[in-house]
Amino acid sequence: KSDAELTKAVEEQHRNKERNTVENRKDSISSVDYANALISLRGFGALFQAADATFLASVIFGSLGFGATELFRRSFTMVFFDEATNTGSGELTFILLVAASLGCILTSFVATPFEVLRVKSMGRNDSVSVQRVLGDFMDKQRPDQPSTYSKSSIFEQVKGLDLNVDIPPLYSSFTPVVTRELPFAVSKFLAFDLFSQLICTLLPMDVQVGVGPLGLTVSAFAGALSGIVGAAISHPADLILTLASNSSSESEKGFDWKPIVKELLEKDGGIINFYVGLPARATFFFFVIGLQFFFYDYVKNLFGVGTDDLNLVLDVFYAVRKGLTDLY
């Protein structure tokens with residue numbers, strides 16, 4: 001118990017020190033200023049805190065998000081439009097919006113536990129692995145039992161997860177995550193289509209997005225720009241989610257975003273406070289989303305999957321449907 005009290009006191013001291021450092025520089029605070037403050041307090045490694053948890057969450061949001069959106073888009077197109085029919089741009093946009101929304105909800109459901117652990121890891125004053133974060137979280141849900149999961153292996157932790165004790169708290173931020181990811185996902189895909197078409201019209205040669213070296217370059221650059229758009233649109237929700245998750249981590253009240261919104265609006269700057277840290281987040285998604293679109297199209301080319309979106313027989317969904325219709 002004394003060790004726990006000592007650890008809590010040290011963490012509180014670190015929080016006060018960081019709060020005072022940022023408060024003293026509030027007139028000129030920026031992403032660079034905050035990064036310098038972190039380095040001065042914790043060292044250069046603080047910039048890479050929660051890297052493992054961030055990687056896991058990004059892989060799920062990226063891979064499953066792309067796959068689910070593509071699956072829903074292809075399925076809706078095949079169900080509501082005949083393959084020989086030229087679908088209008090407005091209809092394609094509507095299908096994309098619905099597919100991206102459903103894909104986002106499905107992805108958020110799978111990724112929410114990892115996102116909760118990522119936020120908790122980012123809110124710590126010590127840099128530990130996501131395995132340790134999960135173990136501490138599980139021990140906290142069992143205050144009347146000895147703290148054993150913080151030092152257990154990941155396999156023992158997964159095996160010890162309780163559907164009634166651990167799972168509900170891990171999904172307590174599902175609604176906020178969807179609220180953040182929905183505008184990000186929809187704007188990301190719409191911006192990608194817009195930027196890729198714009199880039200292709202500016203090039204002097206014919207380019208098929210995602211096909212060949214030049215097409216992959218266009219895909220990566222359009223994806224990078226769409227990452228900036230998605231980051232800008234979803235940043236207020238991300239900021240509220242992060243602040244609320246950290247502020248409620250020490251209480252039993254769970255997620256509460258209303259006090260956070262009120263506090264941000266009452267500070268000097270008003271609505272501008274919702275975009276604190278946007279440059280860093282936009283830079284992050286510039287590279288991450290650009291790479292996601294690049295690798296997604298690269299893998300599609302590698303396996304010969306639907307380079308002409310919905311119409312090639314190489315596409316597995318179209319091939320199945322085509323094979324069934326040929327039987328009659």
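**Asp136 and Arg132.** I began with the salt bridge between Asp136 and Arg132 in this predicted model. The closest N and O atoms of the two are 3.0 Å apart. Both residues sit in helix H5, separated by 4 residues, about one turn of the helix. I noted the general rule that an α-helix has 3.6 residues a turn, so residues three or four places apart point the same way. Asp136 is listed with the buried residues of H5.

**Helix H5.** I looked up the rest of H5, residues 130-140. Of its 11 residues, 8 are buried, so the helix is largely enclosed by the rest of the structure. Among them are Val133, Leu134, Phe137 and Met138.

**Glu70 and Arg73.** I found a salt bridge here as well, with the closest N and O atoms 3.0 Å apart. The two residues lie in helix H3 (residues 51-80), 3 residues apart. Glu70 counts as buried because its relative accessible area of 8% is under 20%.

**Asp238 and Arg281.** I recorded a salt bridge between these side chains at 3.4 Å, N to O. The pair links distant parts of the chain, with Asp238 in helix H9 (residues 212-247) and Arg281 in helix H11 (residues 278-302), 43 residues apart. Both Asp238 and Arg281 are buried. I followed the pair into a network of salt bridges that also takes in Glu115, Arg118, Arg180 and Glu181. The structure holds 11 salt bridges.

**Helix H8 and Ser108.** I turned to Glu181 next, where H8 has a kink of about 25°, shortly before Pro183. H8 spans residues 174-202 and reaches 41 Å from its first C-alpha to its last, close to the 42 Å expected. Glu181 is also one of the residues touched by Ser108, including Phe61, Phe174, Val177 and Val178. Ser108 lies in helix H4 (residues 89-122). I logged Ser108 as buried because its relative accessible area is 0%.

**Cysteines.** I searched for disulfides and got 0. Cys104 is buried at 5% relative accessibility, and Cys200 is buried at 18%.

**Whole chain.** I counted 12 helices and 0 strands. Buried residues make up 38% of the 328 residues. Of the contacts between residues at least 6 apart in sequence, 67% join residues at least 24 apart. The chain exposes about 18,900 Å², and carbon and sulfur atoms supply 65% of that area.

Definitions and conventions
Residues are numbered from 1 along each chain as its sequence is written. This is a predicted model: local features need pLDDT of at least 70, side-chain atom pairs count only at pLDDT 80 or more; totals for chains, interfaces and linings use all residues. Side-chain values use heavy atoms; hydrogens and water are left out. A disulfide is a pair of cysteine sulfur atoms within 2.5 Å. Buried means under 20% relative accessible area, exposed over 50%, partly exposed in between (1.4 Å probe, protein chains only). Contact means heavy atoms within 4.5 Å. Accessible areas come from the Shrake-Rupley method with a 1.4 Å probe; for residues, only the protein chains shown count as cover. The expected span of a helix is 1.5 Å times one less than its number of residues. The bend at a residue is the angle between axes fitted to the seven residues ending there and the seven starting there. A salt bridge is a side-chain nitrogen of Lys or Arg within 4 Å of a carboxyl oxygen of Asp or Glu.
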